[in-house]
Amino acid sequence: MRDLTVSVVVPTLDEAGQIGALLGVTDADEVIVVDGGSRDGTAGIAARHPRAPRVLEAVGGRAAQCNAGAAAAGGDLLVFLHADSRLPPDGAARLRVAGADPAVVGGNFALRFGDDHGFAAVLGRVYALQRRLGLYYGDSCVWCRATAFAALGGYAERPIMDDYDFVRRLERHGRTTCIPGPAITSDRRWRAMGIARTVFAWTAIRWLYLAGVSPGRLARLYRVVR
């Protein structure tokens with residue numbers, strides 16, 4: 001059986017300070033950067049990187065960028081990587097092992113926040129507990145088979161909760177797995193907004209979403225931090 005190929009899709013918007021480091025650590029077969037109209041030169045930095053990623057442009061938000069990247073990808077397995085998250089250096093190799101089980105349709109990576117000290121360590125444990133309940137978000141490097149992505153119709157293009165919606169549908173589609181990793185994500189939101197405010201915002205947005213509040217209204221509660 002041939003090795004499964006891995007495509008990493010990176011949606012970006014004004015991530016000039018992150019994109020170079022991200023591209024330097026992936027072992028994927030293919031990397032696609034989909035820029036949403038950055039004004040800080042993100043797309044140019046990506047295009048000049050020695051990793052030679054494919055650089056596309058797509059407007060309409062992160063979900064639209066992920067869909068555009070997936071449409072252009074040639075890999076058997078798709079990974080959606082936020083610009084402030086990092087796959088482990090052997091992330092693609094780990095994905096191939098997980099994908100070798102035909103019953104597994106996708107999943108995510110175990111996640112570590114920043115330096116993994118203090119509240120970041122507590123948050124990592126909370127995320128691990130939530131993962132056992134089938135709850136995870138885009139910062140934990142969501143991945144799936146290309147066939148599963150097509151069957152699910154990709155990401156719903158909405159201003160917020162696109163990753164949460166996709167994960168819920170992926171969990172219903174088939175068996176998922178959490179790859180040990182860990183992947184590492186930035187704690188910049190916590191540092192910028194503070195712990196209490198960030199926890200309150202995330203909790204409120206999720207429960208309001210489940211209560212039926214439109215993503216358009218919820219997006220007003222979400223502060224973009226870069």
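View 1. Strands pair here if DSSP finds at least two bridges between them. Helices (H or I, at least four residues) and strands (E, at least two) are DSSP runs, numbered from the N terminus. Strands of a sheet pair through backbone hydrogen bonds, either parallel or antiparallel. This is a predicted model: local features need pLDDT of at least 70, side-chain atom pairs count only at pLDDT 80 or more, and totals for chains, interfaces and linings use all residues. Residues are numbered from 1 along each chain as its sequence is written, and side-chain values use heavy atoms, with hydrogens and water left out.

View 2. Asp35 has Glu57 in E3 as its bridge partner.

View 3. Contact means heavy atoms within 4.5 Å. The buried residues of H3 are Ala63, Ala64, Gln65, Cys66, Asn67, Gly69 and Ala70. Buried means under 20% relative accessible area, exposed over 50%, and partly exposed in between (1.4 Å probe, protein chains only). These buried residues pack against E1, E2, E4, helix H6 (146–152) and H7.

**View 4. Strand E7 pairs with E4 and E6**. E4 and E7 are antiparallel and share four bridges. Here Leu77 stands opposite Arg145 in E7. E6 and E7 also run antiparallel, joined by two bridges. Gly107 stands opposite Trp143 in E7. Val142 and Cys144 point one way from E7, while Trp143 and Arg145 point the other way. All four of these residues are buried.

**View 5. Aromatic rings meet in pairs and in a cluster**. The structure holds six aromatic pairs. Rings of Phe, Tyr and Trp (its six-membered ring) pair if their centres lie within 6.5 Å; planes under 30 degrees apart count as stacked, over 60 as edge-to-face and the rest as tilted. The rings of Tyr137 and Tyr164 have centres 6.0 Å apart and planes at 25°, so this pair is stacked. Tyr137 lies in the loop between helix H5 (119–132) and E7, and Tyr164 in helix H7, so the pair ties together parts 27 residues apart in sequence. Tyr137 is buried at 16% relative accessible area, and Tyr164 is buried at 7%. The rings of Phe149 and Tyr155 have centres 6.1 Å apart and planes at 55°, so this pair is tilted. Phe149 and Tyr155 are both buried. One aromatic cluster is formed by Phe80, Phe149, Tyr155 and Phe166.

**View 6. His82 sits in the loop between E4 and E5**. His82 counts as buried, with 14% relative accessibility. A polar contact of 3.4 Å joins the side chains of His82 and Arg62. Such a contact is a pair of N or O atoms within 3.5 Å; within protein, one must be able to donate a hydrogen and the other to accept it, and residues adjacent in sequence count only if both atoms are side-chain atoms. Leaving aside neighbours within four places in sequence, His82 touches Leu22, Arg62, Gly138 and Asp139.
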